[in-house]
Amino acid sequence: MQSVLITGGAGFIGQNLVHAWCAARPDDRLTVVDAMTYAANIRSLESLIADRSILFVRGDIRDAALMRRLFDEHKFTRVAHLAAESHVDRSIVDPEAFLQTNVLGTFTLLKAALDAWRSWGTIDRARFLHVSTDEVYGSLGPNDPAFSESSPYRPNSPYAASKAASDHLVRSFVPTYGLPVLITNCSNNYGPYQHPEKLIPLMIIHVLEGKPLPVYGDGSNVRDWLHVSDHCDALINVIEQGRSGETYNVGGGNERNNRDLVGLICDTIDRAFAADPNLSARFPSCPATAGRSTRTLIGYVTDRPGHDHRYAINATKLATELGSRCRVDFESGLGQTVRWYLDHEEWWRDVTSGAYKAWIDKNYGYRIVI
Ligand code: NAD
Ligand code: TDX
């Protein structure tokens, strides 16, 4: 039995990880710490909190006194660190929050773990998993080999630079202080509970509401899509079985350019409307209601500055050392994700009101259709 701290557990991957962890390791005691920024949502955790399967603490990882108190109260033996500012476009408009949370927050958490585990004399049995991104490696050309764990760091956005800085800090705690850390760098996740500012949920919701689908640039940028459940399984495997001090890349092996991906989302929704007449009543503004292809909503808008062209992950190390492999086929994973958003309208309407709306105005207000 382990006492586990999950930071950022109210975010997209965090919520999925909490559920996966409870299912895979029911005897562990889980404490979730989350600052509840605009990106957080704890609806899916409410029943776990109510029946005391997990403890939820609203708190900021930059709060050193709180972090140390939590370590002392709960005697954590595992840390899965996911708390972060995670949206590239936001980091372009307002980078400071990324340095605060991703760099300083990670440092504060590392220090709390080190001080606690040293003072208890348990450092040899503890594990600190830092969840990072493939964006630290920069951008690939069309024929370049996929990123491996030894690819050089070449971050191109303030978000990627802040994650790269945090990876370096985490790594430095191994030779300097002997902290037992593991780092994972993963590709783009998709699945339930993803905030609608990210590509896949944004496009699904815009299709349902009959709004334009803003593809940045010419839509040729490629991402390697990883279902969040495969990612969570890999994280649990890495924290328990991975070699301390090592980095593991996690990828979906599903490269798609944004143009094709958005077209696939449209076709999936068109088929769902053709099969279920109730959807037309629920989403009257969707072109599929009138039997028109929702691809007619696709438009090309001003590109993201510094837009990385292609990401692809070589996940051989994870597969050969730890036996972790993806199980979710991309087309069926995308179909399930579309279905999830169709079935959870109340969830995304809630998220897309208020603060989210203000952000959309700020991010898309200046973009012109090209
Ligand atoms: P998310 O934005 O959905 O969730 C992040 C969570 O962190 C939110 O609940 C937020 O409230 C919390 N948080 C932010 N600042 C905090 C602070 N100072 N203290 C405590 N909590 C704070 O992000 P996500 O998509 O779930 O990503 C989780 C992690 O995985 C991040 O570290 C991200 O860099 C990494 N990652 C994500 C993806 C992806 O495709 N989503 C891919 C690669 C890596
Ligand atoms: O409206 C949009 N139009 C568009 O064309 C949005 C929001 C995105 N895009 C493009 C930009 C990217 O090429 O789609 C692609 C995916 O964009 P995002 O969903 O913003 O993801 P990305 O920038 O690739 O970063 C994601 O994967 C790596 C996560 O948000 C990061 O947290 C993670 O580290």
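Okay, let's start with how residues get sorted: Ala, Val, Leu, Ile, Met, Phe, Trp, Tyr, Cys and Pro count as nonpolar, Asp, Glu, Lys and Arg count as charged, and the others, Gly among them, count as polar. With that sorting, the shell around ligand 2 divides into 10 nonpolar, 7 polar and 5 charged residues.

A quick word on what you're looking at. This is a predicted model, where local features need pLDDT of at least 70 and side-chain atom pairs count only at pLDDT 80 or more, while totals for chains, interfaces and linings use all residues. Residues are numbered from 1 along each chain as its sequence is written, chains are lettered from A and ligands numbered from 1 in the order in which they are written, and side-chain values use heavy atoms, with hydrogens and water left out.

Now, the overall picture. The protein has 14 helices and 13 strands; these are DSSP runs, H or I over at least four residues for helices and E over at least two for strands, numbered from the N terminus. Buried residues, meaning under 20% relative accessible area with a 1.4 Å probe and protein chains only, make up 57% of the 370 residues. The C-alpha trace spans about 65 × 50 × 40 Å along its principal axes.

Let's go back to ligand 2. Which residues come nearest to ligand 2? They are Thr-133, Glu-135, Tyr-159, Arg-304 and His-307, out of 22 residues around the ligand, where "around" needs a heavy atom within 4 Å. Helix α7 (199-208) and strand β8 (213-216) each supply at least two residues of that shell.

Next, polar contacts, which to a ligand are pairs of N or O atoms within 3.5 Å. His-307 has a polar side-chain atom 2.6 Å from an oxygen atom of ligand 2. For Asn-188, a polar side-chain atom sits 2.8 Å from a ligand 2 oxygen, and for Lys-198 a side-chain N or O atom is 3.3 Å from one. Taken alone, ligand 2 exposes 660 Å², and the protein buries 95% of that; those areas come from the Shrake-Rupley method with a 1.4 Å probe.

Last stop, strand β4, residues 78-81. Arg-78 and Ala-80 point one way, Val-79 and His-81 the other, and all are buried. Strands pair if DSSP finds at least two bridges between them. β4 runs parallel to β1 (residues 3-7), joined by 4 bridges, and parallel to β5 (residues 127-133), also with 4 bridges. Arg-78 is the bridge partner of Val-4 in β1, and in β5 the partner of Arg-78 is Arg-127.

Methods. A polar contact is a pair of N or O atoms within 3.5 Å; within protein, one must be able to donate a hydrogen and the other to accept it, and residues adjacent in sequence count only if both atoms are side-chain atoms. Buried means under 20% relative accessible area, exposed over 50%, partly exposed in between (1.4 Å probe, protein chains only).
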